[in-house]
There are 2 protein chains.
Amino acid sequence: MTRGMPSAVPDDGLSTQQRRLRPALIVNTGDGKGKSTAAFGTALRGWAQGWSIGVFQFVKSSSWHTGERVAFEALDALHRETGQGGPVGWIAEGLGFTWTRRGGDLDAQAEIARATWGHVRELMAAQAHRLYVLDEFTYPLLRGWVDLDEVLQVLAERPGTQHVIVTGRRAPEALCELATTVTEMTKHKHPFDQGQKGQSGIEW
Amino acid sequence: MTRGMPSAVPDDGLSTQQRRLRPALIVNTGDGKGKSTAAFGTALRGWAQGWSIGVFQFVKSSSWHTGERVAFEALDALHRETGQGGPVGWIAEGLGFTWTRRGGDLDAQAEIARATWGHVRELMAAQAHRLYVLDEFTYPLLRGWVDLDEVLQVLAERPGTQHVIVTGRRAPEALCELATTVTEMTKHKHPFDQGQKGQSGIEW
């Protein structure tokens with residue numbers, strides 16, 4: 001992180017303060033690693049600010065007790081006990097990457113994705129969280145399980161100061177156009193290509 | 001995260017288990033966002049595994065109470081009180097990006113970087129941590145404040161199973177060759193380019 005200075009001051013009628021506090025829509029895409037972990041690293045910063053954090057995992061199975069979930073649940077408990085940081089809500093209702101395997105239940109996966117998005121939409125209308133992590137949200141968008149146009153409208157019209165981070169490969173161009181920050185994680189070298197399987201503590 | 005399957009099984013004489021537990025050397029580079037936050041997101045996974053985590057920030061000033069530091073200090077305290085997760089050590093002795101401003105004290109910055117690296121080297125020899133985050137370590141390497149050949153040798157010969165994540169722009173090619181995972185974060189859109197300054201909770 002640099003305490004970055006803008007390279008130009010735009011003629012948008014906003015004050016520096018207004019521009020600084022503009023709600024962020026961050027897209028982490030690409031085929032490399034770091035899309036989700038960067039979202040969770042950013043969520044740590046929000047947590048430390050006392051923000052309410054909502055994490056919605058559109059693919060990961062609810063039976064996967066990932067390290068990031070364990071850690072954020074600990075931070076949420078700490079907040080409730082001591083008041084430090086902010087509360088964290090975590091929704092992971094997916095079935096895992098079942099569609100990549102034969103016999104995966106696509107209809108069930110699609111239904112879960114739509115229900116999870118509907119939940120996000122309601123929370124945004126109610127300004128329930130200050131920061132949303134929509135983890136692997138590009139997959140239901142790409143498959144058409146969740147309507148992209150509706151998502152763009154909800155995000156564009158979200159009230160107040162609600163920051164959103166979307167992760168996943170092949171983020172739709174229209175989503176990137178709406179975003180304030182788009183980063184592509186590009187794989188230059190990956191252990192899976194060298195015959196190594198994922199390991200706990202690093203991959204989950 | 002996908003519970004990734006390797007695309008090929010190499011003829012390296014290692015068992016699947018040995019290959020899976022091979023110490024990771026992860027490099028997050030490029031001019032986009034997410035290099036450090038991805039490292040901290042991965043460190044959350046290590047923490048949840050009960051690993052000892054060591055974070056060494058080569059540039060950030062010790063006076064910056066970044067959100068990630070606040071959160072990991074809370075997780076470290078939680079570990080000491082309840083035994084959950086692992087211990088976290090955090091070293092940030094830098095002076096900030098002083099060299100990008102007129103009058104920055106380059107000699108002091110170089111001396112601090114060398115001392116911090118010396119500390120890391122000793123801890124690695126003693127196998128003090130299971131995961132090291134060397135945040136913005138490429139900067140002292142690029143400036144020659146820390147000797148690249150020595151770093152490569154220490155990393156290549158580190159004993160046991162000690163994972164290392166290095167972040168920073170323009171990672172040296174030789175470091176990427178030694179790495180098990182290299183990801184380039186590419187900036188496609190960034191609010192600083194649109195005249196927006198960084199904001200707390202997102203940028204720190």
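Accessible areas here come from the Shrake-Rupley method with a 1.4 Å probe. For chain A of this predicted model, that area comes to about 8,300 Å². Carbon and sulfur atoms account for 47% of it.

Start with the layout of chain A. The chain has seven helices and six strands. Along the sequence they follow the pattern α-β-α-β-α-β-α-β-α-α-β-α-β. Of its 204 residues, 56% count as buried. Now take the contacts in chain A between residues at least 6 apart in sequence. Of these, 79% join residues at least 24 apart.

Next, look at the nonpolar side chains. In soluble globular proteins, such side chains tend to be buried together. The largest nonpolar core in this model has 44 residues. A:Phe72 and B:Phe72 have the most contacts inside that core. Leave aside residues up to four places away in sequence, and A:Phe72 touches A:Phe40, A:Ala43, A:Leu44, A:Val88, A:Trp90 and B:Leu44. The partner B:Leu44 belongs to chain B.

Helix 6 of chain B spans residues 148-156. Its buried residues are B:Val151, B:Leu152, B:Val154 and B:Leu155. They lie on the same side of helix 6 of chain B because they cover an arc of only 165° around the axis. An α-helix has 3.6 residues a turn, so residues three or four places apart point the same way.

What covers these buried residues of helix 6 of chain B? The cover includes two strands of chain B, strand 1 (25-29) and strand 5 (163-167). It also includes helix 4 (106-125), helix 5 (138-142) and helix 7 (173-178) of chain B.

Key
Residues numbered from 1 in each chain as written. Chains lettered and ligands numbered in written order. Predicted model: local features only at pLDDT ≥ 70, side-chain atom pairs only at ≥ 80, totals over all residues. Heavy atoms only, no water. Buried < 20%, exposed > 50% of the residue type's maximum accessible area, 1.4 Å probe, protein only. Helix = DSSP H or I, 4+ residues; strand = E, 2+ residues; numbered from the N terminus. Arc of directions from axis to C-beta. Contact = heavy atoms within 4.5 Å. Core = buried A, V, L, I, M, F, W, Y, C linked by side-chain atoms within 4.5 Å.
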